[in-house]
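Morning, everyone. Let me put the structure up, and then I'll walk through its contacts.

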Amino acid sequence: MFKKFLFSILYNGLTEDSGLKDKSRSAVLNSISLISVVILLSYAVIDIIAKIYLIAFITATTAILILFAIILVGITKRISIGTSTVSYIAFIFFLLILATSREERAGYFWIMLFPLVSIFFLGITHGTILTVLFGLISYFLIFIYKGPADVIFIHGMGVRVMGAYIGVSLFTIAFEIIRMMAFDQLEKTTNDLVARRKQTAMIFNNVKQGIFLLDEDLVLSEERSFYFNELFGKTRINQPFLELLKDKLPNRDFIATKDYLELFFNKTVNPALLSSINPIEKVLITFDSKKAEEKQVWLEFAFERILSKNGSIEILGLFRDITERVTLEEQLIKEENESIKNMENLFQIIHVNPELMEEFLKDTSDEINSINELLKVETQDTRSLVNNIFTIIHGIKGNAMLLGLSNLSERLKTFEDYLKDLKSSTATWRELLKLTVNLAEIKHDLDQINTLIEKIISFQKLTGENVKSKKYIFEQNLKKSIDKLCKEYNKDVILDLNDYNIDLVPDKYKKLFKDSISQFIRNSIAHGIEDKNERIIKNKKPDGTIKISLEKKDDKLYFSFYDDGRGLSLEKIKKIAIEKKGYSKAQVENFTTADAAKLIFSPGFSTSDKVDNLSGQGIGMNVIKTHVDKVGGKLNLRSSSGSFCEFKILLHA
Amino acid sequence: MDTKYIEPFIEATINVFREFYKEEPILRSPFLFDKEENLGWDLSAVIGIAGETKGVVSISFPKNLIIQLTEKLVGHEIDSLNDDVIDSTGEIVNIIAGNAKKGLEQYRLVISLPSIVEGPDHKIAWPTSSMPIITIPFDTSLGPFHLSVGLEDIIK
Amino acid sequence: MKILVVDDSRIMRTIVKNSLLQNNSALYSFLEADNGVDAFNILEREHVDLLLVDWNMPHLNGLDLVKELRILPKYKNLPIIMITSEAAKYNVIEAVKAGVNDYLVKPVDDKKLLLKIEQVMSIN
């Protein structure tokens, strides 16, 4: 307490960052000032008692001035105020004493103090100027003024006093120069030291590196870096290292680490091998904090076997936080994947007819928009909403797969699965949100493909590149026309093209196949396949099936068009035969399927009740028959009333 | 499917071909292998994987190729699928499976001893589970061979 | 230096031998075994300076052989390097735990093998 008080007086006016020079100056200034204040005040009291009022007044004033200066230094924290004030007061005071002192000219002694005070306090330049000035005035006072008239002036004494004054002054200047140099040197060294200490502290405190030592029992020693404690918290004395790690990393890594660290104490194991099998070279450490969020840090551990002086083995452990680096790497991998995806898309696109691709993209983007429209409509019935979306996504997925866009169809598949789960119950907003996010991602994929298409479309060559997509075009066109017809006749039809290999169709038969299929389809939907209600009553599957197949055996092509509708209606055909073809009732009495077929393939025959713009536009069965005959093929019809109808064409390949 | 589980096998294959046969095999496009399919190879080396997942790795060669490769390895002429061929092919598939474990370190796996299936149109008894098998065709300067990898629950 | 090479593949044994002989044929002499049991019997019969052992082998595998050997005091300081296709870190740890002094993953690199032999022989 007292010590503290003393120090605060001694270092009055110093700031935190004051250097050594200021410190010494301040210490001297404060101590001298205080001592002088005490002495001066005592003198003042003595003088008052002695009734020498003038001297007493001067002395007291000086003391008060010094005290005031010291207080000012304390307030302003500027030592220079104190040093200058004290110097100048000493200047005036000493000269006054020199001029007034009587007893054996005691002032002679006082002036010797001035060079010390002024040079020490004010520095070499300022102090020396003041010292010289003080000397000149002293000379005047000693030799010319000679002091109070009643005091005997001894010339030789004056000369000696001046000589001593010059000597003291020179010595003080020399001493001060040496002192300053020494201080400079000292300060420089100290500053270096301080800087280095700061640096070390910074390394230990700020750099995210953990350093620790393990003894043979894998117990942590007390020396470890600040970051170790920061990360693992306070540890007890003789803390086993593994205990700290437990529950912070997967158990398997924990066990591997335990096994691994134990290997270090076997001196015969090659250290290079050890460093290559570190199981926690890069590990995700999870810190369970009391707060809701747990903290995860990627650490990079390194261990080294070190031999201590007594021959025992210790493990030096080092770890670094590499979370930032790992995050960056993950980001990079993600970007890389994105670009791989791009490449894959690009690769597939250039193998696909660009027009087809554009069409797909346009259709898909329309459908995505239509989903979005569905989402926009407020509804309580999320099940049917999800169901509708499912149907659309399913369709897009099929097309994407046909085009070989595996990334996109993969994503659509995941989406579809998600929707499947959603269909079973009413969706929450969270689930619907996820649905929309999914949609956004799909859109993103589509946009990427679109950008790629635009890039490659300029150098896309059409020649021979669209083989893969033939079936797709064919199927798409067919589906479109079937959809149109179904809507018109209010029927539901599933198209089965699994056994139809379009690549088997030679160029010469292209037109024949195209015409036949569209004619058969019209025929099936208009006449063959029943509407849903009728099919249900007849115990058939609600949706009708059309199956088209093409097979090549030896040099023959076998084409079949099959539907599971009501088959040929002999009654209807007989009726039309009489009405339109002028057959007699007796003639049609024993009509067989073969006869009926013949009739169907004859010109101007239609069983349709109404001449509508769809089936009626057909080129007619007879044109097909004629075409098949012309190329030397055979056209057959098989039918079972109420269950199916099949057209077969046999051609030379 | 994450390709990173197949890559270790491919890398190991390229590495072992480089070291053993001084060959730089070139990858062709991988495909899904149908267990019933017969690709007409003469010799296959198969290794089973067990542990935290099950799987199979096989490497299949036409007779000419594996004989020529083995000749490179042993330094003398070979006229049939002899012990040297069988020994070295088994070792190759063993190295491929063993090395690939490094890339699949999040699974603790054990590999079996290799077995060799030979004869024209031989068939490998693949596990009956629905595990998909990915075949990676390679080309060498002496002809093509196939590496097939199936890992349950990992490759989907 | 007498080296016992244990591997079920004859070709592999030859590769290992050749890679050492290429370097200095006068320095090494070899004994061979194709499984752990035979290897053990050879060790009982003859003095061996270094054991190079595969992991996956029929009868007694390399890992179990090393474990058996390290139980016996006379084989405590026998230098052992495992040469195997098993490349996973946990395998290496397992092997070192069992008592091998060093570990090399197949396919064998000549220079690495020589270096490892040198290191293992100098430590022991």
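I'll take the ground rules, then the interfaces, then helix packing, then a few local details.

This is a predicted model: local features need pLDDT of at least 70, side-chain atom pairs count only at pLDDT 80 or more, and totals for chains, interfaces and linings use all residues. Residues are numbered from 1 along each chain as its sequence is written, chains are lettered from A and ligands numbered from 1 in the order in which they are written, and side-chain values use heavy atoms, with hydrogens and water left out.

Start with chain B against chain C. Together they bury about 1800 Å², 55% of it on carbon and sulfur atoms. Buried area here is the accessible area, with a 1.4 Å probe, that two parts lose on being put together, summed over both. Chain B brings 22 residues to the contact and chain C brings 21. Contact means heavy atoms within 4.5 Å.

The rule for a salt bridge is a side-chain nitrogen of Lys or Arg within 4 Å of a carboxyl oxygen of Asp or Glu. B:Lys101 and C:Glu86 form a salt bridge, at 2.3 Å from N to O. Chain B and chain C also have 14 residue pairs in polar contact, both residues at pLDDT 80 or more. A polar contact is a pair of N or O atoms within 3.5 Å; within protein, one must be able to donate a hydrogen and the other to accept it, and residues adjacent in sequence count only if both atoms are side-chain atoms.

Which elements of chain B supply at least two residues each to the side that touches chain C? They are α1, α2, α3 (83-100) and β5 (109-111). Helices (H or I, at least four residues) and strands (E, at least two) are DSSP runs, numbered from the N terminus. α3(B) gives the most to that side, with 8 residues. By class, the side of chain B that touches chain C has 9 nonpolar, 5 polar and 8 charged residues. For the classes, Ala, Val, Leu, Ile, Met, Phe, Trp, Tyr, Cys and Pro are nonpolar, Asp, Glu, Lys and Arg are charged, and the others, Gly among them, are polar.

Next, chain A against chain C. They bury about 1200 Å², 64% of it on carbon and sulfur atoms. In chain A, the residues that lose the most area to chain C are A:Thr268, A:Asn270 and A:Leu273, together 42% of what that side buries. The contact uses 15 residues of chain A and 13 of chain C. Chain A and chain C share 2 salt bridges. A:Glu281 pairs with C:Lys89 in a salt bridge, closest N and O atoms 3.1 Å apart. α11 (251-263) and α12 (271-276) of chain A each supply at least two residues of the side that touches chain C. The largest share, 4 residues, comes from α11(A).

On to helix packing. α3(B) packs on helix α1 (residues 10-23) of chain C at about 75 degrees, axes 8 Å apart. That makes α3(B) roughly perpendicular to α1(C). B:Asp84, B:Asp87, B:Ser88 and B:Glu91 in α3(B) meet C:Arg10, C:Ile11 and C:Met12 in α1(C).

Within chain B, helix α1 (residues 7-21) and helix α2 (residues 63-74) cross at roughly 55 degrees, and their axes come within 9 Å. α1(B) and α2(B) are therefore oblique to each other. Axes are lines fitted to C-alpha atoms, for helices over the stretch in contact, and angles run from 0 to 180 degrees between N-to-C directions. Under 35 degrees is roughly parallel, over 145 roughly antiparallel, 65 to 115 roughly perpendicular, and the rest oblique.

Last, local details. Over all chains the structure holds 39 salt bridges. A:Lys532 and A:Asp492 form a salt bridge, closest N and O atoms 3.4 Å apart. A:Lys532 lies in helix α20 (residues 532-537) of chain A and A:Asp492 in the loop between α18 (470-489) and β5 (493-496) of chain A, so the pair ties together parts 40 residues apart in sequence.

That loop between α18 and β5 of chain A also holds A:Asn490. A:Asn490 is not a glycine, yet has a positive phi of about 60 degrees. In chain C, the peptide bond from C:Lys106 to C:Pro107 is cis, omega near -5 degrees. Most residues other than glycine have a negative phi, and most peptide bonds are trans.
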